[in-house]
Amino acid sequence: MGQEFSYRPAPLGRAVKISIGPNRITARGLWSVDLSDLDQAAFVHTRLGGNQMIRLDLYTGNGRHSVSYNGSMAGMEANEDARQHRAAMIATLHALSRVRPEMRVALGAVQGARWGMFAVGAGAVLLGAGLLVAAVATGVSGDRLVAAATPVVLLLTLGVFLIASYGSWRDRPQIDPVDLANTLAETATGSPTPRSAPDERSQ
C-alpha cells in the first residue's frame, strides 16, 4: 500500500494531495513522477521576514516538480498543513532512497530555480545602485539622501546575498535522502498519520 498526504501549500491555496507509491510520487491532478526517471533532487528552505518557503524539488526531463509549502514561521510545528507537508517530504525521500540508492539531494536551489534567484539578486543590486546614482546626479538634498539610504542599503544587501548564495560558482552540498529525512523528522514535534492509498504502477 502507498501513502497519501493532504495539505494546503499556502494559507489561501487549495489543498494538494500527494500520493507516494513504491516508485512514483503523484500530486493529484498536477503532476506525477517516476523516481526511476529522476535526474536530480534538491531541498530548498528560504526564510524572508516571518515567513518561510520549504520545498523538495524533483527534476525530470519534463522539468521541475515540487512538494512545496509557504507559510508563517510562527506556530509552524502546530500547523497541520506544515506537518503534512513535512511528512510528505520525508516519505518521498525514503522512497527515493529505495528506488535510487545512489542519488543524493542537493541542498539549495539548482538548475532554473537557481538562475532565477541569481537574477533577482542581480536586479536588486542594479536597482539599488541606480537609485543611488540617480539621487546623487539630480542633487537630492542631504536629508532626503539620508532618508533614502536605508531602503537602498537593504536592497543592495539583499541583492549581494542572493548573488553570493545562488552564483553558479558555488557547488551545492549533497546529502543522502535518508539522512535528510531523519533531520526533518528530528525537527518535528509530531508526525501526522498518513492515509493508505493504492499502490501506483510505473508509467
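Colleague: Arg83 first. Is that side chain buried or exposed, or in between?
Modeller: In between. Arg83 is partly exposed, at 22% relative accessible area. Buried means under 20% relative accessible area, exposed means over 50%, and partly exposed is what lies in between, with a 1.4 Å probe and protein chains only.

Colleague: What am I looking at, and how are things numbered and counted?
Modeller: This is a predicted model, where local features need pLDDT of at least 70, side-chain atom pairs count only at pLDDT 80 or more, and totals for chains, interfaces and linings use all residues. Residues are numbered from 1 along each chain as its sequence is written, and side-chain values use heavy atoms, with hydrogens and water left out.

Colleague: Back to Arg83. Which residue does it form a salt bridge with?
Modeller: Glu80. The closest N and O atoms are 2.9 Å apart. A salt bridge here is a side-chain nitrogen of Lys or Arg within 4 Å of a carboxyl oxygen of Asp or Glu.

Colleague: How many salt bridges in the whole structure?
Modeller: The search finds 7. One of them joins Asp34 and Arg24, with the closest N and O atoms 3.7 Å apart. Asp34 is in strand E4 (residues 31-34) and Arg24 in strand E3 (residues 24-27), so this pair ties together parts that are 10 residues apart in sequence.

Colleague: Asp34 and Arg24, buried or exposed?
Modeller: Both buried. Asp34 has 7% relative accessibility, and Arg24 has 4%.

Colleague: What about the loop between those strands? Which residue lies there?
Modeller: Leu30 lies between E3 and E4. Leu30 is exposed, at 59%.

Colleague: And what is the salt-bridge partner of Glu102?
Modeller: Arg100, with the closest N and O atoms 2.7 Å apart. Arg100 is buried, at 16%.

Colleague: New topic: helix packing. What is the angle between H1 and H4?
Modeller: About 160 degrees, with the axes 8 Å apart. H4 covers residues 177-186. Axes are lines fitted to C-alpha atoms, for helices over the stretch in contact, and angles run from 0 to 180 degrees between N-to-C directions.

Colleague: What does that make the pair?
Modeller: H1 is roughly antiparallel to H4. The cut-offs are under 35 degrees for roughly parallel, over 145 for roughly antiparallel, 65 to 115 for roughly perpendicular, and oblique for the rest.

Colleague: Which residues make the contact?
Modeller: On the H1 side they include Met89, Ile90 and Leu93. On the H4 side they include Leu180, Ala181 and Leu184. Contact means heavy atoms within 4.5 Å.

Colleague: How does it split by class?
Modeller: 10 nonpolar, 3 polar and 1 charged. Nonpolar covers Ala, Val, Leu, Ile, Met, Phe, Trp, Tyr, Cys and Pro; charged covers Asp, Glu, Lys and Arg; the others, Gly among them, are polar.

Colleague: Now Phe43. Where is it?
Modeller: In strand E5, residues 40-48. Phe43 is buried, at 12%.

Colleague: Overall, how many helices and strands?
Modeller: 4 helices and 10 strands. Of the 203 residues, 41% are buried. Among contacts with a separation of 6 or more, 62% join residues 24 or more positions apart.

Conventions. Helix = DSSP H or I, 4+ residues; strand = E, 2+ residues; numbered from the N terminus.
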